[in-house]
Amino acid sequence: MKFLSTAAALLVCLAPISTSARSLDFLKSSQSPIQVQGKSVAGNNPLEYCNDPSGDVLDIKQVDLAPNPPLPGKTLVITASGTLREKIEEGAYVLLEVKYGLITLLRQTADLCEQLVNVDLKCPLGPGDMTLTKQVDLPRQIPPGKYNVQADVFTKDDERITCLKAVNVEFKGPF
């Protein structure tokens, strides 16, 4: 569940902090980087926008994952940058859905400010440019299969901050 909450928080705020990240040798992986069709988020990632992001409070510049695709039992390094157009305050929330194939594993509404602690941030946030580098130790026990995650994020006044999807993120069996 730590992975899911961290993934949710990253999908939720993808605008964020600067920490040093160790380099990972992911070029030896037998998997290919995840490719997404549609309106993709810039960078080396499986993210796409749920809809036209031009009116969103968060303008995401780039998100990079290393390794891409993420590997069970390895450290995932997420680097993201973006600009918040207005202040994010208590009361902001995220509608989060995680699916394993066609099975919904999680569907919940979460307090955005409570989730931000997973990426070393706290409310209020913003406005302005932000950068984030976060390391996440992925558990070895991630069941093989395809996962889909969607985070639809809103301010306390129901204005869309962003809506992101990670589509067909595939974890393969043991390496």
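**Asn168 and other positive phi values**

I began with Asn168, which is found in strand β8. Its phi is near 55°, a positive value in a residue other than glycine. I keep in mind that this is a predicted model. Is Asn168 buried, exposed or partly exposed? At 40% relative accessibility, Asn168 counts as partly exposed.

I then looked up Asp120. Phi of Asp120 is near 60°, again positive and again not in a glycine. Asp120 sits in the loop between α2 and β6. I noted a relative accessible area of 48% for Asp120, which is partly exposed.

I stayed with β7, residues 145–154. How many of its 10 residues are buried? I found seven, so the strand is mostly covered.

Next I checked the pairing. β7 and β8 (residues 160–171) pair in the antiparallel sense over nine bridges. Phe154 stands opposite Arg160 in β8. Strand β4, residues 93–100, also pairs with β7, antiparallel, over eight bridges. There I found Val94 opposite Val153 in β7.

**The open sheet**

I traced another set of strands. Three of them form an open sheet, in the order β2-β3-β6, with antiparallel pairing.

Eight bridges join β2 to β3 (residues 75–84), and the two run antiparallel. Val63 stands opposite Ala80 in β3.

**Asp129 in β6**

I picked Asp129, found in strand β6. Asp129 is exposed, at a relative accessible area of 67%. Which residues does Asp129 touch, leaving aside its neighbours within four places in sequence? I found Gly82 and Thr83. The side chains of Asp129 and Thr83 are joined by a polar contact of 2.5 Å.

**Salt bridges**

I searched the whole structure for salt bridges and got seven. I wrote up some of them.

Lys165 forms one with Glu48; the closest N and O atoms are 3.3 Å apart. Lys165 lies in strand β8 and Glu48 in strand β1 (residues 47–49), so the pair ties together parts that are 117 residues apart in sequence. Glu48 is buried, with a relative accessible area of 10%. Lys165 counts as partly exposed at 22%, and the cut-off for buried is under 20%.

Asp59 forms a salt bridge with Arg85, with the closest N and O atoms 4.0 Å apart. This pair links distant parts of the chain: Asp59 is in strand β2, Arg85 in the loop between β3 and β4, 26 residues apart. Both ends are partly exposed: Asp59 has a relative accessible area of 24%, and Arg85 has 45%.

Lys156 forms a salt bridge with Glu89, the closest N and O atoms being 3.1 Å apart. Where do the partners sit? Lys156 is in the loop between β7 and β8, and Glu89 is in the loop between β3 and β4, so the pair ties together parts 67 residues apart in sequence. I noted Lys156 as partly exposed, at 44% relative accessible area. Glu89 counts as partly exposed at 31%.

I also looked for shared partners. Salt bridges that share partners join Asp59, Lys61 and Arg85 into one network.

**Cis peptide bonds**

Last, I looked up cis peptide bonds. The bond from Ala66 to Pro67 is cis, with omega near 0°. Pro67 is found in the loop between β2 and β3. Another cis bond joins Cys123 and Pro124, where omega is about -5°. I placed Pro124 in the loop between α2 (112–116) and β6. Asp120 is found in the loop between α2 and β6 too.

Conventions:
Residues are numbered from 1 along each chain as its sequence is written. This is a predicted model: local features need pLDDT of at least 70, side-chain atom pairs count only at pLDDT 80 or more; totals for chains, interfaces and linings use all residues. Side-chain values use heavy atoms; hydrogens and water are left out. Two strands pair if DSSP finds at least two bridges between them. Helices (H or I, at least four residues) and strands (E, at least two) are DSSP runs, numbered from the N terminus. Buried means under 20% relative accessible area, exposed over 50%, partly exposed in between (1.4 Å probe, protein chains only). Contact means heavy atoms within 4.5 Å. A polar contact is a pair of N or O atoms within 3.5 Å; within protein, one must be able to donate a hydrogen and the other to accept it, and residues adjacent in sequence count only if both atoms are side-chain atoms. A salt bridge is a side-chain nitrogen of Lys or Arg within 4 Å of a carboxyl oxygen of Asp or Glu.
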